[in-house]
Amino acid sequence: MPFTRLAAATTPTAHFGLGLAAVGRPAYLTLGREAELPAERSVEALRTRTHELLDAAYAQGVRYVDVARSYGRAEEFLAGWLREHPEADDVVVGSKWGYTYVGEWRTDAEVHEVKDHSPEAFERQLAESRAQLGDRIDLYQIHSVTPDSPALTDTALHERLARLAADGVTVGFSTSGPAQADAIRAALEVAVAGEPLFRAVQSTYNLLETSAAGALAEAHEAGLTVIVKEAMANGRLAGGQEPRDLHMVAREAGASPDAVALAAVARQPWAGVVLSGAAGVGALHSNLLAAATELDEAQLASLAELVEDPEVYWRRRAELPWQ
């Protein structure tokens, strides 16, 4: 499995990853993003920013990069960087299918992405991902599985995914919504020819939304690599948006709120890779200081008070503006 390359890495930041959702397209639902991005959000401006982030991440020991078909031109930007950096053959690349980007490179689009978990969508998007990334795809995930997703019960899709796995690509899934734990547990039951289908799971987990923790621990115990996304709660945990208790703990720890938020996630025993979704190099550097941020039991207890009800958390997330 590709994640054995991460397991062998010795840099402090090897188990942090860089997600390109915030820079592969001109609009995304993250607070404070407009302050990090260039005023002009042309294709070339965001390509340049993406390459700057990849340069900085690789230099600091990051070896996992996360993209998706719906992240605008993120796969294209990453593929270009990989071609320019043949020495980066130790980078593990994960992409996702199941959403199609329809935002037409506009910040004011009424709809930015459309969900489709059908076998036809999988075949089309796999071909598109391979056209960009070729054999550099290490992990291919179903994007945002929920308990009612047909991807959990479509045996024809399962068989096609199993063939992809037989070709050497790790097959996984990501989750979203207040019932993430149910989706994870349902996915753990999916098997083809008696063998578990999924070998990786990517879920939202942060100081505000911890409801998937038990299911993620079960996934880890079952041998899946756990990737944590949205560890910054789409900008709600840094940049002046952070709750007072997080701000106070950060002051006590001598660290930034974002580093504390990421450090609290990274200490979970089941967390294999924790993603930074930084849109600027400065924010990325600050995020990666999480690798050196230590928290005591009293500080962790204070941070635990920040947890929201999952229904409340996901409702607030849905209300965030695409910026």
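The mean positions of the 28 positive and 46 negative charges of the protein are 3 Å apart. Here Lys and Arg count as positive and Asp and Glu as negative, while His and the chain ends are not counted. Each charge is placed at NZ of Lys, CZ of Arg, CG of Asp or CD of Glu. This is a predicted model, in which local features need pLDDT of at least 70, side-chain atom pairs count only at pLDDT 80 or more, and totals for chains, interfaces and linings use all residues. Residues are numbered from 1 along each chain as its sequence is written, and side-chain values use heavy atoms, with hydrogens and water left out.

Now the overall build. The protein has 13 helices and twelve strands. Both are DSSP runs numbered from the N terminus: helices are H or I with at least four residues, strands are E with at least two. The radius of gyration is 18 Å, close to the 20 Å that the globule rule gives for 323 residues, so the protein is as compact as a globular protein of that length. That radius is taken over C-alpha atoms, and the rule is 2.2 Å times the number of residues to the power 0.38. The C-alpha trace spans about 55 × 40 × 40 Å along its principal axes.

What share of the residues is buried? Of the 323 residues, 56% are. Buried means under 20% relative accessible area, exposed over 50%, and partly exposed in between (1.4 Å probe, protein chains only).

Go next to strand β6, residues 139–145. Seven of its seven residues are buried, so β6 is largely enclosed by the rest of the structure. Two strands pair if DSSP finds at least two bridges between them. Strand β3 (residues 92–97) runs parallel to β6, joined by four bridges. Strand β7 (residues 170–175) also pairs with β6 in the parallel sense, over five bridges. Look at Gln141 in β6. Its bridge partner is Lys96, and Gln141 also stands opposite Gly172 in β7.

Helix α11 covers residues 281–288. Leu284, Ser286, Asn287 and Leu288 are buried there. The buried residues of α11 pack against β1 (16–19), α3, α10 (257–266) and β12 (273–276). Packing rests on contact, meaning heavy atoms within 4.5 Å.

Finish at Glu40. This residue lies in the loop between α2 (33–36) and α3 (43–59). Is Glu40 buried or exposed? Glu40 is exposed, with a relative accessible area of 54%. Glu40 and Thr210 are 170 residues apart in sequence and 36 Å apart in space, C-alpha to C-alpha.
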